[in-house]
Amino acid sequence: MTRDRLLAVLTGMVIVLVAGPLGLAVFVLGFGTGDSPCILCWAQRTGMALVALVGLFVIRYGPRPRYLGTAVLLGVWGLWMAVRHSASHVARDVGQGFSIAILGAHTYIWSWVVYLTVLAVLGALIALQREEPPATPSAAAAAAAAGGAPGRAGRAAMALFVVVIAANAVQAFASTGPPPFLGQSDPVRFSFNPKHWVWSLEEWRSVPISWRGSWSVAPPDLSALDPDPAKGPLAGLPALPVRRWLRVGAPLTGVPSDLAWDPVAGRFLVVTDRHEVLVLGSTLARPIHRVVLDAEFSLDLSPLAGAAFLGDTLAVLATNKSYVLLRADSLPAPEAEWRVFRSTHGGVRELRRARFATVRARQMFVMSLAYDQVADELVTVSVPSPRQRRLVVSRFARGDLLLSSEFIPALAPGLRFAGPERTLADYVVTGATIADSLLYAISAAHSTLLVLDPAARVVRAAYAVPGLTRPTGLAARAGELYVLQADGRVAVIERPRAPLAPPAPSRCPLPSPRDC
Amino acid sequence: MEFLNFLLILWAGWLVWRRPERERLAFRLLIVSCALMALLFLVGTRTAVLPGLNY
């Protein structure tokens, strides 16, 4: 392609960019319908204006390397802005966008299209440029000093650019104001009436800079927790002494992380943080089944931390809420075993591997799994983190393994916090089990047993369990609770029967009443 | 600030169109505007610079 033809194509593309996204945005969406960009939209629109400006530089002065390099950088940055901005909205439910949709897609999605097109056109024009002998030094200097003489189309592109950018400046003044005011994350609609203008400094506020924001959640670390019950958030708890100690006798390759009891078959289920799943006899010594799950080459399994019997099915849960369902099978397919197990003694097959999705417990890890046979639901209790200070009980229907309900428990009458800053989120529940319609949860922080009434959504009772060291699992067996520890020992305690008092009066469980 | 940035772009575009001999100033305005645009985007996303999704 000759240079003249290339510049003609470029001129056409600049006109399309200026009249299309930039002109449409300001004259039709802005002045016409009242659409007002957010601070991120403004940056994306500004980037498009700068791409068009670089195009004018090329039309006027020729394809110099610094122009082409700047155009590539603007295209890449614009694509990044489109990705970052869209990420705030694309994972929401159907039709839930932000601001105006055009042909079914919102403006931040169209930003992808614009910047991808810019990069594609730029690459094509560079690739199609005919190699010409370099100009003599004197000729190049003269051209650089005066600039080329653009044709009629080039001059039209420049005039159009000035008009559209001036209009954008008008809209930016009304919507965002003069410096130091700047765009807003949730702007009001555009108006030519100054009484409706809202100029804000909100985005200048001092906030910590973060790479991932609320997604920066460190994996739970039990070694840093204070086991002292006296320093827990609930005051004046009665003590529940350990009746006797047992030990997991079967050899383990990792740290035991949960325990479950099957009263029908009289067997235990133990999981470890190294993705080991063991079915043990009633003395915790004799292995009946043992498999090590392949944690890497399918759905990502973080360390296992939950175990429950669903009748004949074994349910194991990772801290990232990925779960695996297993079942004893005398004739599992060897190739299927190799695909899902790192090692196996045989006799077990994988039924399903998937993930629990939560709402209130989103962006939180879990370290417990229980099965409510009456409701036919699986239950998890979230682990609070510095960013998400909540203790959330999530229930999943056995039928479809989707979330059926969630709640943040309140305190029943008779329980009180040790101070105004204390909450149930000071506990770190590492084991849970359900018996007699009560949810028992053991906390590694402050060695406390919580007794929750899921129907009333309250903590009915709580007990200090002195002597525990890093409890990681909990199972109910007859009238006792078995508390598994990271060292493989099992503390046996009485299973308290909390009084089924009437539900506590409704109150806001969130830190601030205005959140309710 | 967005208003200021559009004024810079308008100024640069005007120079390219009507004062082509001021190429050096126009290009500097372009670079300043690019930097301001990037800064304003980062101001708007500094609580989570990376997309807020699972990784």
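The questions and answers below go through a predicted model with chains A and B.

Trainee: How many residues of chain B and of chain A take part in the contact?
Mentor: The model is predicted, and the totals for its interfaces use all residues. Contact here means heavy atoms within 4.5 Å. By that rule the count is 42 residues from chain B and 60 residues from chain A.

Trainee: Which residues of chain B lose the most area to chain A?
Mentor: About 4,700 Å² is buried between chain B and chain A, and carbon and sulfur atoms give 76% of that area. On the side of chain B, three residues together make up 17% of what that side buries. They are F6(B), F41(B) and R46(B).

Trainee: Which element gives the most to the side of chain B that touches chain A?
Mentor: Across this interface there are 18 residue pairs in polar contact. The elements of chain B that give two or more residues to the side touching chain A are α1 (2-18) and α2 (23-45). The one that gives the most, with 15 residues, is α2(B).

Trainee: How do the residues of that side of chain B divide into nonpolar, polar and charged?
Mentor: The division concerns the residues of chain B on the side that touches chain A.

Trainee: Which residue of β10(A) stands opposite L314(A)?
Mentor: Strand β9 (residues 313-318) and strand β10 (residues 322-328) of chain A run antiparallel, joined by 5 bridges. The residue of β10(A) opposite L314(A) is L326(A).

Trainee: What is the bridge partner of G473(A) in β24(A)?
Mentor: β23(A) and strand β24 (residues 480-485) of chain A run antiparallel, and 6 bridges join them. Within β24(A), the partner of G473(A) is L484(A).

Trainee: Which residue in the turn between β16(A) and β17(A) has a positive phi?
Mentor: Strands β16 (residues 393-397) and β17 (residues 403-407) of chain A are antiparallel and share 4 bridges; F396(A) stands opposite L403(A). The two strands form a hairpin with 5 residues between them. In the turn, a positive phi of about 55° belongs to L401(A).

Trainee: What is the phi of H275(A)?
Mentor: H275(A) is in the loop between β5 (267-272) and β6 of chain A. Most residues other than glycine have a negative phi. For H275(A) the value is positive, near 65°.

Trainee: How many residues apart in sequence are the parts that R290(A) and E276(A) tie together?
Mentor: R290(A) and E276(A) form a salt bridge, with their closest N and O atoms 2.8 Å apart. R290(A) lies in strand β7 (residues 287-293) and E276(A) in strand β6 (residues 276-280) of chain A, so the pair ties together parts whose separation in sequence is 14 residues.

Trainee: What separates the C-alpha atoms of G249(A) and A285(A)?
Mentor: G249(A) is in the loop between β3 (242-247) and β4 (256-262) of chain A. Leaving out residues up to four places away in sequence, G249(A) touches L284(A) and A285(A). G249(A) and A285(A) are 36 residues apart along the chain, and their C-alpha atoms are separated by 4.1 Å.

Trainee: Which residues does a cis peptide bond join, with omega of about 10°?
Mentor: One residue of the pair is in the loop between α6 (152-176) and β3 of chain A. The bond joins P179(A) and P180(A).

Conventions. Residues numbered from 1 in each chain as written. Chains lettered and ligands numbered in written order. Predicted model: local features only at pLDDT ≥ 70, side-chain atom pairs only at ≥ 80, totals over all residues. Heavy atoms only, no water. Pairing = 2+ DSSP bridges. Buried area = accessible area lost by both parts, 1.4 Å probe. Polar contact = N/O pair within 3.5 Å; in protein donor to acceptor, adjacent residues only side chain to side chain. Nonpolar A, V, L, I, M, F, W, Y, C, P; charged D, E, K, R; others polar. Salt bridge = Lys/Arg side-chain N within 4 Å of Asp/Glu carboxyl O.
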